[in-house]
Amino acid sequence: MATVIIPTPLRKFTNNTARLQVKAGTIKDTVQELTLNFPDLKKHLLDEGGNIRSFVNIFVGNDDIRNLQQDQTAVKEDTVISIVPAIAGGSGSVFTKEELARYNRHIIIPEFGMESQEKLKAAKVLVIGSGGLGSPVLLYLAAAGVGTLGIVDFDVVDDSNLQRQVIFGVEEIGKPKVEAARRRLQSLNPHIHLNIYNTHLNSQNALDILRDYDVIADGTDNFPTRYLVNDASVLLGKTNVYASIFQFEGQVSVFNYRDKNGQAGPNYRDLYPTPPPPGLVPSCAEGGVLGVLPGIIGSLQALEVIKVITGVGETLSGRFFIFDALNFESRTFTIKAREDNPINGRNPTITELIDYEQFCGMRAVEASPIKEITARELYNWQVLGEKFQLVDVREPHEFDIVNIGGELIPLATIAAQSERIDRDRKVVVHCKVGGRSAKAIRELEEKFGFTNLYNLKGGILSYIDEVQPELTRY
């Protein structure tokens, strides 16, 4: 028996039955059987001449019968037939035949249907960050038919991104991420509109960029931007779908979501009122991330965006989901709004966007810049026989992958091993990309009064790119 999917508007004529079984044959036979069993369907499916009405689309699998043999199209035992009539109301969106075929698997879900698909087409979603999390979020939202997608990112594609940022290919290395992402998404779904913002999101531009979107998907990788996105979303009344990843663990939640009664749910500041001290929590660039993890967490983030838009199912508003990939364990915690939340608590103290780098304790570090040396300058020192000490503050497993002859003193042990660092000659400190080495220098200068330390700008990766490309890049 073949299966016929009855659309929501016509189910009142089939005793609210969403799926019917019919004998195999042709589409014409199928329609005749349906109208015999449910006579009230006839005037909605057939005109006075007994032909299928022009405003009724019938799909066999994903294919419109108008592109096959019309009502003589064969129906097999395992065929899925979808009836998709034109409907009024809702968002007013009009789907082309190509779109109806593309989104057929959504439309035939009884709990989803045409109404939810129209909501997706009418929706505007801003995805902040097109990296590990942004890649799956953008790919699945574009494929799902979200009508307008905005992409914010100021980075360029690097070959180290390709381990997890699946929206990019090797041909995009060195190109702006937003432009590369737009090309990929346009090839995936030409029926959607894409806006790109090749800029750093900050307190000066955030409100203007976020203002025109319905839902914000936060895929950033640093605390100042997380608090910025949260506060901008709250001030503008936008739902913020949050996700975060590190090594083997991921987090997902939905912030500032308004329920049917108009009550706003908890936001990021209810979960984390203040950020950790600078340097305490390493970034993915420093601590690493399992390549498949952002695919898992980003897909869950895209799922929550779709649920927020369509109203289908229960969102993670008021709940905080954690996934441990190493042990394949997940936990969901309840979170609630706090009265002392400074952005929307009982007595709000934040009424406009603030300096988030200063709030996260980073501006003080930047106020007194440390000395830097480029990879080329370091190479010249080596060639000319300059007297200096080279210190590597990465972890032992990184050192085993590749090193440039430095003395290994991991960042966590730098204070305890400060006596190993020379005070009578120049000392170059390096890590993978320059962040940890800068922290090491800051700690040594503040605690022990060193004045002869230089940070290798861009870390060992920069040295490999500019001096020794034959070395292993990780």
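**Entry 1: strands.** I began with strand 1 (residues 2-5) and strand 7 (residues 80-85), which run parallel and are joined by three bridges. I5 has S82 of strand 7 as its bridge partner. My reminder on terms: strands (E, at least two residues) and helices (H or I, at least four) are DSSP runs, numbered from the N terminus. Two strands pair if DSSP finds at least two bridges between them.

**Entry 2: where the numbers come from.** I am reading a predicted model, where local features need pLDDT of at least 70 and side-chain atom pairs count only at pLDDT 80 or more, while totals for chains, interfaces and linings use all residues. Residues are numbered from 1 along each chain as its sequence is written, and side-chain values use heavy atoms, with hydrogens and water left out.

Entry 3: Which order do the five strands of the open sheet have? I found 2-1-7-4-5, with mixed pairing. Strand 2 (19-22) and strand 5 (63-64) are the edge strands, each pairing on one side only.

**Entry 4: two helices.** Next I looked up helix 6 (residues 134-144) and helix 7 (residues 177-188), which pack at about 30° with their axes 9 Å apart. Axes are lines fitted to C-alpha atoms, for helices over the stretch in contact, and angles run from 0 to 180 degrees between N-to-C directions. I noted L138, L139, A142 and A143 of helix 6 in contact (heavy atoms within 4.5 Å) with R184, L185 and L188 of helix 7.
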